[in-house]
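Dear colleague,

Please find below the structure that I am handing over to you, together with its sequence. My notes on what was found in it follow directly after.

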Amino acid sequence: ARHREIDNIANAAAFMESNYMNDISISSLLDVSHYSQRHFIRLFSEIYNTTPQKYLLGIRINQACRLLRETRLPVTDISSQCGFNDPNYFSRAFKKATGRSPLSFRAASRSGM
């Protein structure tokens, strides 16, 4: 049973990794995992040592870091491509996660810092 729980939660995590650019509702994660909301959040937090929301935010921030390093796309485009509806929220969340603004992160990654 434990193995199946882990697989079901991993399916939800994989769903987030494949769909991070879209709005992901808790109900879509519950559909993928086949658990109640309370059970899903408890299991997810136990297995991944973070909440589903923080996990998704981490995926989105990592993708934003990659795009900031590898492309010349404007920050607002990167924001929306990474699933953030509000560029200001993206900038605040990015800075909180990385310690730098998106533009500062891009400049530092280009200069090799």
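In these notes, angles of 65 to 115 degrees count as roughly perpendicular, those under 35 degrees as roughly parallel, those over 145 as roughly antiparallel, and the rest as oblique. Axes are lines fitted to C-alpha atoms, for helices over the stretch in contact, and angles run from 0 to 180 degrees between N-to-C directions. Helices are DSSP runs (H or I, at least four residues), numbered from the N terminus.

The model is predicted: local features need pLDDT of at least 70 and side-chain atom pairs count only at pLDDT 80 or more, while totals for chains, interfaces and linings use all residues. Residues are numbered from 1 along each chain as its sequence is written, and side-chain values use heavy atoms, with hydrogens and water left out.

Helix packing

Helix α2 (residues 26-33) packs with helix α3 (residues 37-48) at an angle of about 80°, and their axes are 10 Å apart. The two helices α2 and α3 are therefore roughly perpendicular to each other. On the α2 side, the contact (heavy atoms within 4.5 Å) is made by Ile 26, Leu 29, Leu 30 and Ser 33, and on the α3 side by Gln 37, Phe 40 and Ile 41. Of these residues, five are nonpolar, two are polar and none is charged; Ala, Val, Leu, Ile, Met, Phe, Trp, Tyr, Cys and Pro count as nonpolar, Asp, Glu, Lys and Arg as charged, and the others, Gly among them, as polar.

Salt bridges

A salt bridge is taken as a side-chain nitrogen of Lys or Arg within 4 Å of a carboxyl oxygen of Asp or Glu. By this rule there are four salt bridges. One of them joins the side chains of Arg 2 and Glu 46, at 2.7 Å from N to O. This pair links distant parts of the chain, since Arg 2 is in helix α1 (residues 2-19) and Glu 46 is in helix α3, 44 residues apart.

Glu 46 also forms a salt bridge with Arg 42, with the closest N and O atoms 3.1 Å apart. Both Glu 46 and Arg 42 lie in α3, four residues apart, about one turn of the helix. A network of salt bridges links Arg 2, Glu 5, Arg 42 and Glu 46.

For accessibility, buried means under 20% relative accessible area, exposed over 50%, and partly exposed in between (1.4 Å probe, protein chains only). Arg 2 is partly exposed at 38%, as are Glu 46 at 43% and Arg 42 at 45%.

A further salt bridge is formed by the side chains of Glu 70 and Arg 66 (3.3 Å, N to O). These two residues are four apart in helix α4 (residues 52-70), about one helical turn. Glu 70 is exposed at 54%, whereas Arg 66 is partly exposed at 31%.

Helix α4

With 19 residues, α4 reaches 27 Å from its first C-alpha to its last, close to the 27 Å expected at 1.5 Å a residue; the expected span is 1.5 Å times one less than the number of residues. Its buried residues include Tyr 55, Ile 59, Cys 65 and Leu 68. The buried residues of α4 pack against α1, α2, α3, α5 (75-81), α6 (87-98) and α7 (102-110).

With kind regards
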